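User: I would like to go through the terms used for this model and see what each of them rests on. Please set each value against its cut-off before you conclude.

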Amino acid sequence: MPTSANPFPLRSSFYHSFCILVCHSAVQLMPIRVLSLPVANLQYVLECVDTCELIAFSLCSKRTKNLVTASKRTIHSPTAYVFENHVHFVIREYTFPQDFNFELLRQSFKFHFYDKRAELDGRCEVWKKQEFTQKDWIAHFLKIFHQSTIHTLGIMNTSLSYLDTIKQFFPRCHRLFISADCSKELTKIAFFKLFPIAEKVEFMKNIFDDENDISKFLTQNFKSLSFKDHKNPLKLTLDNLLVLNITDLTIDVANIREKELNRFLKLWMKGNHTFYRPKVIKLSLEDEIEINCEEVFKGIKYEDVQYDEDDFPTFRLMRGDGKEIQVFIADNYIDFEVV
């Protein structure tokens, strides 16, 4: 809120009147009463008005859209979840309390986008624009809140044909999430069709049929990838780890023996992979398996760098060329980090 003096003394009554006019955008008097306000008054109201009413106001005309855009209201981490024939769009607003070094969630809203209409979840409100497609709704929301892309794109359960449409809706995203509700076929096609638009990919189902399929996947040029399937662990081999081209990889659950992990570390120590790209490899084995540290480090010189007696074991390996890898082991979990 502005720190300067309140530009209109009767803020409470005017604010209430403004909200009524915006929510009843069909009333013909709305454009006259609101848009005829002095600029300072209008800007102040736009800073204070509820987010949903602000969006409704932006839909009234091109001018109201420009006014809302100019108000510089922002949202954080917009998220889209894709279902059979429509998109759930979630926006969040945060507040920054004085004397605190963190942000607090102020409010969040979920919208359901269809062609010609948008529904506000939990408020029984429907906004209609006959000329709007789902793509138009998404573009409008991102535009007025100064977002060039969304944070998370979640594929929940949809048709294969809808995936191409989704790629047009969202040319870029920070995180792509493919739900366990998707079939194996849908997960696989969605993964290979959509991973180029995302910085980080997470999927919840083992989509690999054989060793060649796994190798093809692991040699892809990913920045960050996370795989999770407790019912069908991913079988890994030494060859898989050596051809890995993913900067940050997390697999939960992986099926690999300590002997393979030991051979991997020995080859890394010999410096045969000078341009080895991965920086972080995190593997969770099946619950009943506890990783044997002695087997993993058999025949390898290492330094124990456990920082606290209550911490799980952490080991440092130094290579002849000065490169360092730290290995953290806890029960059935092992983490490799190239420093």
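Predicted model: local features only at pLDDT ≥ 70, side-chain atom pairs only at ≥ 80, totals over all residues.

User: Why is I329 called buried?

Analyst: Buried means under 20% relative accessible area, and I329 counts as buried because its relative accessibility is 3%. I329 belongs to strand β16, residues 324-330, and, leaving aside its neighbours within four places in sequence, it is in contact with I291, C293, F297, F312, P313, F315 and I334.

User: What makes R319 buried, and with which side chain does its side chain make a polar contact?

Analyst: R319 has a relative accessibility of 5% and therefore counts as buried, the limit being under 20%. R319 sits in the loop between β15 (314-318) and β16. Its side chain makes a polar contact with that of D321 at 2.9 Å, where the cut-off is within 3.5 Å.

User: How do you know that the buried residues of α5 are on the same side of the helix?

Analyst: In α5, residues 62-70, the buried residues are T64, V68 and T69. They cover an arc of only 140 degrees around the axis, and therefore lie on the same side of α5. On the other side of α5, K62 and A70 are exposed.

User: What caps the N-terminal end of α5?

Analyst: The cap is S61, which has a side-chain oxygen 3.4 Å from the backbone nitrogen of R63.

User: What makes the phi of K72 worth a remark, and is K72 buried or exposed?

Analyst: Most residues other than glycine have a negative phi. K72 is not a glycine, yet its phi is positive, about 65 degrees. K72 lies in the loop between α5 and β1 (76-82), and it is called exposed because its relative accessible area is 66%, exposed being over 50%.

User: Why is D331 called partly exposed?

Analyst: The relative accessible area of D331 is 44%, so D331 is partly exposed, a term for what falls between under 20% and over 50%. D331 is found in the loop between β16 and β17 (333-338), and although it is not a glycine, it has a positive phi of about 55 degrees.

User: What makes the peptide bond from D252 to V253 cis?

Analyst: The omega of this bond is near 25 degrees, and the bond from D252 to V253 is cis. V253 is located in the loop between β11 (248-252) and β12 (254-255).

User: How do you know that β7 and β8 pair, and how does the chain cross from β7 to β8?

Analyst: Pairing needs at least two bridges, and five bridges join β7 (residues 173-178) to β8 (residues 198-203), the two strands running parallel; F177 stands opposite E202 in β8. The chain crosses from β7 to β8 through helix α8, residues 184-194, in a right-handed β-α-β crossover.

User: How many bridges join β8 to β9?

Analyst: Four bridges join β8 to β9, residues 224-228, and these strands run parallel; the bridge partner of F203 in β9 is F227. Here the crossover passes through helix α9, residues 211-218, and is right-handed.

User: Which residues touch the most other members of the largest nonpolar core?

Analyst: Of its 91 residues, these are F111, L153, I155, F191, F203, L265 and L283. Not counting residues up to four places away in sequence, F191 touches I178, V201, F203, I207, F217, F222 and L225.

Conventions. Residues numbered from 1 in each chain as written. Heavy atoms only, no water. Buried < 20%, exposed > 50% of the residue type's maximum accessible area, 1.4 Å probe, protein only. Arc of directions from axis to C-beta. Polar contact = N/O pair within 3.5 Å; in protein donor to acceptor, adjacent residues only side chain to side chain. Core = buried A, V, L, I, M, F, W, Y, C linked by side-chain atoms within 4.5 Å. Contact = heavy atoms within 4.5 Å. Right-handed = clockwise from strand over helix to strand, strands pointing away.
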